[in-house]
Amino acid sequence: MPLAVRTLFFAAYRDLAGSSSLDLELPEGATVGDLVASLRARGGPLAELPPRPAVALNRSYARLEDRLHTGDEVALIPPVAGG
Amino acid sequence: MSALVREPIETERVLAHVGDAADGATLLFLGVVRDHADGRTVTGIRYEAYEEMAAPVLADIADEACRLLGTDRIAVLHRLGDLTVGEVSVAVAVSSPHRSEAYEASRYVIEQIKQRLPVWKKECFAEGGEAWAEGTEPRPDPDSRSRT
């Protein structure tokens, strides 16, 4: 059964995505890294995403190796510039 | 105490969150919007956040600083939205019995904000145009890997 996850884009990555969020389906067992690869493979501006961006899974920093589950919220985190 | 806020930061109100009869040192750090970036004149900055994540990350940073400080007398506010030159984007107030821990905790908070708070800023230039400021590749806190 495929996984349904929501991907969030911020700042420069939102400009690339043309949207602040995208609902995606991925094969069972997919990782955060697989999600990033599938976004880059869509072509267009999203192909400019770095291959290993910082990511958050359910609002905590995560690793590209982390497994996804249905209902997860994945955020691609551009280099941060607070302060 | 920590919060993301959209209204202007009033420093007196930030300071009111810290201070105790036992404290001989109170520090206030303010991050302020400056009028230049990379040789270009800046008229303002728009701050945006992944708010659902940034609020708990800011709270974690404040908690970690409290452990360094040895008291809970820390207040951290980060502003979001459109700011003009001279406005306060971040305020860190700390008080403690002695200055050394206060300086250490204050510095810790602002450096961690720079490293891991999911906040971005878009600079608006006097000659027209705007651009996302170059940021820092986020470094999660040292404990996060063992937690997962």
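## Chain B: overall fold

Among contacts in chain B between residues at least 6 apart in sequence, 73% join residues at least 24 apart. This is a predicted model. Chain B holds four helices and nine strands. Read from the N terminus, its elements follow the order β-α-β-β-β-α-β-β-β-α-β-β-α. The radius of gyration of chain B is 16 Å, close to the 15 Å that the globule rule gives for 148 residues, so chain B is as compact as a globular protein of that length.

The C-alpha trace of chain B spans about 50 × 40 × 25 Å along its principal axes. Of its 148 residues, 31% count as buried.

## Strand β8 of chain B and its partners

Strand β8 of chain B covers residues 119-125 and pairs with strand β4, residues 40-49 of chain B. The sense is antiparallel, over seven bridges. One position in this pairing sets B:A49 opposite B:V119 of β8(B).

β8(B) is also joined to strand β9 of chain B, residues 130-132. Here three bridges link the strands, which run antiparallel. B:E123 stands opposite B:A131 in β9(B). β8(B) and β9(B) form a hairpin, with four residues between them. In the turn, B:G128 has a positive phi of about 100°. In a regular strand, side chains alternate between the two faces of the sheet.

## The nonpolar core

The largest nonpolar core has 58 residues. Those with the most contacts inside this core are A:F10, A:V55, A:A75, B:I74 and B:V109. Helix α2 of chain B, residues 51-69, supplies the largest share of the core, with eight residues. In soluble globular proteins, nonpolar side chains tend to be buried together.

B:V109 deserves a separate look. Leaving aside neighbours within four places in sequence, B:V109 is in contact with B:I61, B:A62, B:A65, B:V76 and B:V92.

## Where the chains meet

The contact takes 28 residues from chain B and 19 residues from chain A. On the side of chain B that touches chain A, the elements giving two or more residues are α2, β7 (88-96), α3 (99-116) and β8 of chain B. α3(B) gives the most to this side, with four residues. By type, the residues on this side of chain B divide into 14 nonpolar, seven polar and seven charged.

Chain A has an open sheet of five strands, ordered β2-β1-β5-β3-β4, with mixed pairing. β2 (21-26) and β4 (60-62) of chain A stand at the edges, each with a single partner strand, so one side of each is left without a neighbour in the sheet. From one strand to the next, the twist averages 35°.

Strand β1 of chain A, residues 3-9, pairs with strand β5 of chain A, residues 73-77. The two run in the parallel sense over four bridges. A:F9 has A:L76 of β5(A) as its bridge partner. Helix α2 of chain A, residues 32-41, lies across β1, β2, β3 (54-57), β4 and β5 of chain A. This helix runs at about 110° to β2(A).

Note on methods: Residues are numbered from 1 along each chain as its sequence is written. Chains are lettered from A and ligands numbered from 1 in the order in which they are written. This is a predicted model: local features need pLDDT of at least 70, side-chain atom pairs count only at pLDDT 80 or more; totals for chains, interfaces and linings use all residues. Two strands pair if DSSP finds at least two bridges between them. A nonpolar core is a set of buried Ala, Val, Leu, Ile, Met, Phe, Trp, Tyr and Cys residues joined through C-beta atoms within 7 Å. A residue is buried if 20 or more other C-beta atoms lie within 10 Å of its own, exposed if 12 or fewer, and partly exposed in between; C-beta atoms are placed from the backbone. Two residues are in contact if their C-beta atoms, placed from the backbone, lie within 7 Å. The radius of gyration is taken over C-alpha atoms; the globule rule is 2.2 Å times the number of residues to the power 0.38. Ala, Val, Leu, Ile, Met, Phe, Trp, Tyr, Cys and Pro count as nonpolar, Asp, Glu, Lys and Arg as charged, and the others, Gly among them, as polar. Axes are lines fitted to C-alpha atoms, for helices over the stretch in contact, and angles run from 0 to 180 degrees between N-to-C directions.
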